[in-house]
Amino acid sequence: MTQYIPFLILFCISLLQSTVMPRITVLGVHPDLVLIAVASWSILRGSEEGMLWAMIGGITTDLISGAPFGISTLGLLVVGFLSGLGQRNILRFDILIPILVIPLATLAYQLIVLAGLTALGWHAGWGMSFRKIILPSMLVNSLGMPIVYVLARSLHRRLGREEFAW
Amino acid sequence: VQNLRSRSLALGTLALLVVMGLILDELGALAPLEGLFLQLTTPIQRLVDSATERVIDANSSLRDLRDLRSRNEQLESLVDQLMIENVRLKEAEAQNEDLRRKLDFRETHPQYILKAAEVRGRVIGSEPTNFMSVLIIDIGTQDGIDKGMPVVTERGLVGRIQKVGTNWSKVLLVVDPSSSVAALVQSSRAPGLVSGRLGGELMMTYVPQEETISIGDVILTSGMSGNYPKGLVIGQVTTVEQRDIDTFQSASVRPSVEFDGLETVLVITTFAPVDIEGAATGDLTTEPAAEQDATIVPDETATPVP
């Protein structure tokens, strides 16, 4: 039963993303709590659980979002998959790893979303999007990562190694 | 008998001593002895008296404390009630002010039927992607809301309904990059196209070179293209870009609506938008704008909802 607690937490994080995060603007963007949480959990528990988190976080986000349904889920799935790859137990507790991973995860996620939006007729310009959204987001999410990662690590330790199976 | 005699003797002696004492006291002869006694006993008396006083005070304080505590609880409860009442009154005052402004807007735009909605989740710029500008309101199809309906506040244009559910709607804000509005400059009537930019900015483009546009000019919806009614305030010009080699001028526009602080909005339910999809992509050349405009006839017979 305890293995379902993270999903409840992730659902709450998704709601926070649409209610609290809009009030926090740094460098013109809002920290992406769902993305950071998915990347953190994936680093700690591996790709399998990371992708499950990505599914839940992505679907919730897509339901709230004005973007076409599925774009966020797709982006987060890729983040969940990539962040959990190649992580060995010995590295999972090193705070440097997530700080290095999150800018790349943000870049991958934003590129997927921007490509999806562009393909569906939404156009803000790639150059402008890079300058105003993607680069600031990479920095802002890196700043938020240590806090979320430490909390996720604490939850990971409490739950033990009982991993969720698909 | 001897025992009785000795007891009587003792009684008589004591009585005699008492009588002598009375006489000596009357004569003032006992004063030094009395002084010495009192001198010795006064500190002890003070001590005892003080202790007694403290006990009495403590008892009294305890009683007072109980009274004070009870009184304090009553006062705290009263303060809580007053605070709640105060918050409620302030909220009512703010709501009253807000509704008064909306009523003013309604009275100055009697041709539209307006539905008021509370912003349920302020999601402007809160998209997970940070790319889009959308907010969710708490009215939907059950309130007569339909896709494409314009959303306004008393300050001006907010956006239009993007998606509708039974009791919710998503509003695509006018500052979203996918949003574009046919506009005109209020003073010179110069036409143009206002579109959203990343970061909550607006840009007015396609303003003919021969037209006049200046900083501070108010920009209104022109009604062309069919996705918004005519005459709604969009914003104010902050900078103008005019180069002789360009075919058109452009200008940065500051939105009149403060999107971050939105609490309630109005949805114009009597306006029938035309060719929403075409207008959303900013492709104004797909159909003749003038012809589209002809179809935008706000319901003149409609009466404002009380």
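Colleague: How many residue pairs are in polar contact between chain B and chain A?
Modeller: The count is 3 residue pairs, both at pLDDT 80 or more. A polar contact is a pair of N or O atoms within 3.5 Å; within protein, one must be able to donate a hydrogen and the other to accept it, and residues adjacent in sequence count only if both atoms are side-chain atoms. This is a predicted model, where local features need pLDDT of at least 70 and side-chain atom pairs pLDDT 80 or more, while totals for chains, interfaces and linings use all residues. Residues are numbered from 1 along each chain, chains are lettered from A as written, and side-chain values use heavy atoms, without hydrogens and water.

Colleague: What makes Lys132(A) and Glu201(B) a salt bridge?
Modeller: The rule wants a side-chain nitrogen of Lys or Arg within 4 Å of a carboxyl oxygen of Asp or Glu. Here the closest N and O atoms are 3.3 Å apart, so the pair qualifies.

Colleague: How many residues are in contact between the two chains?
Modeller: 23 residues of chain B touch 29 of chain A, where contact means heavy atoms within 4.5 Å.

Colleague: Where does α7(A) bend?
Modeller: At Met145(A), by about 40°, and Pro146(A) follows within four residues. The bend is the angle between axes fitted to the seven residues ending there and the seven starting there. Just after α7(A), Gly160(A) takes a positive phi of about 75°.

How values were computed. Helix = DSSP H or I, 4+ residues; strand = E, 2+ residues; numbered from the N terminus.
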